[in-house]
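Trainee: I have a model open and would like to go through it with you, if you have a few minutes. Could we take it piece by piece?

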Amino acid sequence: KELQDAVTRKHFESVYQPLHNMTESCWIQERIKSMEEIWVEAGRSLLAKYNLAEQKAKQIFLHLGVLTKEADLKIVENAFSGGPLGDLVQWSDLIATLHVLSHNLHLSASRTFLGFRQVVVPLDTQKWKQT
């Protein structure tokens, strides 16, 4: 399958639906929405500075393991009541960055979902394989 050219995106609608479907990502979605204009402007700035014409959009799978119920860290449960937000900030910024750069994101915060998409990175070749 031919990869599409990566160009910066000017909106975030296509990332909100997958986030909305994940109860673990409520805080992440709110942060991305509140900073949407900043991310779009950052994408425009990148386009102005760099030639992204030869960049290809990638299929990227992100498993937010620290947010899973199995991790039992209660980060999500405490996000709106003064709990630590560092991991949530980093995940929201990573998701927004990859999205604005036009990569196709596949998100997971469930070990059940992850079980069907285990990814192995061989140390010798650094190429991704699905098992």
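Trainee: Which helix is glutamate 36 found in?

Mentor: Glutamate 36 is in helix α3, residues 36-49; helices here are DSSP runs of H or I with at least four residues, strands are E runs of at least two, and both are numbered from the N terminus. Before we go on, please keep in mind that this is a predicted model, in which local features need pLDDT of at least 70 and side-chain atom pairs count only at pLDDT 80 or more, while totals for chains, interfaces and linings use all residues. Residues are numbered from 1 along each chain as its sequence is written, and side-chain values use heavy atoms, with hydrogens and water left out.

Trainee: Which residues touch the most other members of the largest nonpolar core?

Mentor: Of its 25 residues, those are Phe12, Ile28, Ile32, Leu62, Leu64 and Ile95; a nonpolar core is a set of buried Ala, Val, Leu, Ile, Met, Phe, Trp, Tyr and Cys residues joined through side-chain atoms within 4.5 Å. The elements giving two or more residues to this core are α1 (13-20), α2 (26-34), α3, β1 (59-63), α5 and β2, and α5 gives the most, with six residues.

Trainee: Which residues of α1 are buried?

Mentor: They are Val15, Tyr16 and Leu19, and because they cover an arc of only 105° around the axis, they lie on the same side of α1. The arc is that of the directions from the helix axis to the C-beta atoms. What covers these buried residues includes α2, α3, α5 and β2.

Trainee: Switching to histidine 103, where does it lie?

Mentor: Histidine 103 lies in the loop between α5 (86-100) and β2 (104-108), and it is buried, with a relative accessible area of 13%. A polar atom of its side chain lies 2.9 Å from the backbone nitrogen of lysine 58. Among the residues that histidine 103 touches, not counting those up to four places away in sequence, are Arg9, Ile60 and Leu98.

Trainee: What is phi of serine 102 near?

Mentor: Phi of serine 102 is near 75°, a positive value in a residue other than glycine. Most residues other than glycine have a negative phi. Serine 102 is found in the loop between α5 and β2 and counts as buried, at 7% relative accessibility.

Trainee: Is aspartate 72 buried or exposed?

Mentor: Aspartate 72 is exposed, with a relative accessible area of 51%. Its place is in the loop between β1 and α4, and its phi, near 55°, is positive.

Terms used
Buried means under 20% relative accessible area, exposed over 50%, partly exposed in between (1.4 Å probe, protein chains only). A polar contact is a pair of N or O atoms within 3.5 Å; within protein, one must be able to donate a hydrogen and the other to accept it, and residues adjacent in sequence count only if both atoms are side-chain atoms. Contact means heavy atoms within 4.5 Å.
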